[in-house]
Amino acid sequence: MPSIPETTEMPSRSAPPSDVLLSVRDLVTEFRSSRGTVRAVDGVSFDVRRGGVSCIVGESGCGKSATGLSIMSLLPPGVGRIAGGQVLFDGRDLAQLSEGDLTGVRGREISMVFQDPMVSLNPSRTIGIQITETLRRHFKMGRKEARARAVELLEEVELPRAASQLNAYPHHLSGGMRQRVLIAIAISCRPKLLIADEPTTALDVTVQAQVLRLLDRLRLERDLGMIMITHDMGVVAEVAEEVAVMYAGQIVERASVDDIFYGPEHPYTEALFGALPEIEGHVERNGRLNAIPGRPPDLLTPPAGCRFAPRCPYDADGRCGAHPVDLREIRPNHWVRSMHPRSARTPDPVATGGAA
């Protein structure tokens, strides 16, 4: 079996607690546009423990993917930049590393699985070439050794007829098979952290379940820290330990998965659950889905206060949108950015069938 060298440790600075692999603190990411500068990620903070799974959930455009790209420093040059905060990985601030140092981190220590494997894989190159180039770059493997390792990786991600797939092109494979190839590439260098950006979006529910089980097995076998970026609350329930709910570039609620599902506090989190379809249950919706009224704010000119205020059923006097609202801990390890957390409201319109 071809051997993979263990990851070389770089000197640590201000090391976080030993069980914390990644610590994102007050991350700010900006993008330049023809209309001005957009702060797509605004003061985001969360941790990922070794072998743990943290989910970032929210609707499209809330800043989930921008957060993942910021961690990897994969923002488009000249357009996107990290404008503030820290991304501490094993004690090193990735936001302060040079591009040369980051090249040694990407793929080797932190890997990313993107949401569209057909776009992420090069259509003009075989699967074998795309897997072996990572191995040859980071570990200086010869062609034969790298191809042997590539077969092992494809077998590890349960791709049928692994050896024969090395000569296939992406369009020869189904969506689920292409996603397995991306996962094989992502784990090829034994990273410590895997960022999965909507890895099941384009897959049917059966293949989605298989991919989630695969990722969970790899996490347990490799003690792999994982960030799952998704808009699907079903995926969150399946894999998450900790959940960060994002809205308009900010985290509005952060807690354990049990607290988020059984005791959501932020009106936006409640609204997300209220918009889910129900096949059975006591809630009568007359065959209609609940929608969140209004639309997210323009991040060129965001509200001074709570960004969900214009859509919130509890902000009757409009004061939430006028005054800054900080993320605060309302009970142990449960953080909320709202002047109207659920535990402080009586009665609860959502629970009693009112507006969400």
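This report covers the sheet and selected helices of a predicted model.

Eight strands form an open sheet with mixed pairing, in the order 6-7-8-3-9-10-12-11. The edges are strand 6 (110-113) and strand 11 (328-331). Each has a single partner strand, so one of its sides has no neighbour in the sheet. On average, neighbouring strands are turned by 20° against each other, direction ignored.

Strand 7 and strand 8 pair in the parallel sense, over 5 bridges. Strand 7 spans residues 193-197, and strand 8 spans residues 225-230. Asp 197 stands opposite Ile 229 of strand 8.

**Helices against strands**

Helix 7 packs on the sheet, where it touches strand 6 and strand 7. Helix 11 lies across strand 9 (242-247) and strand 10 (250-256). The table gives the angle of each helix to a strand.

| Helix | Residues | Strand for angle | Angle |
|---|---|---|---|
| Helix 7 | residues 175-187 | strand 6 | about 175° |
| Helix 11 | residues 267-274 | strand 9 | about 100° |

**Helix 5**

Helix 5 covers residues 143-156, 14 residues in total. From first C-alpha to last it reaches 20 Å, close to the 20 Å expected at 1.5 Å a residue.

Which residues of helix 5 are buried? They are Ala 146, Arg 149, Ala 150, Val 151, Glu 152, Leu 153 and Leu 154. An α-helix has 3.6 residues a turn, so residues three or four places apart point the same way.

The buried residues of helix 5 pack against helix 4 (127-139), helix 6 (162-165), helix 7 and helix 8 (205-222). After helix 5 comes Glu 158, with a positive phi near 65°.

Definitions and conventions: Residues are numbered from 1 along each chain as its sequence is written. This is a predicted model: local features need pLDDT of at least 70, side-chain atom pairs count only at pLDDT 80 or more; totals for chains, interfaces and linings use all residues. Side-chain values use heavy atoms; hydrogens and water are left out. Two strands pair if DSSP finds at least two bridges between them. Helices (H or I, at least four residues) and strands (E, at least two) are DSSP runs, numbered from the N terminus. Axes are lines fitted to C-alpha atoms, for helices over the stretch in contact, and angles run from 0 to 180 degrees between N-to-C directions. Contact means heavy atoms within 4.5 Å. The expected span of a helix is 1.5 Å times one less than its number of residues. Buried means under 20% relative accessible area, exposed over 50%, partly exposed in between (1.4 Å probe, protein chains only).
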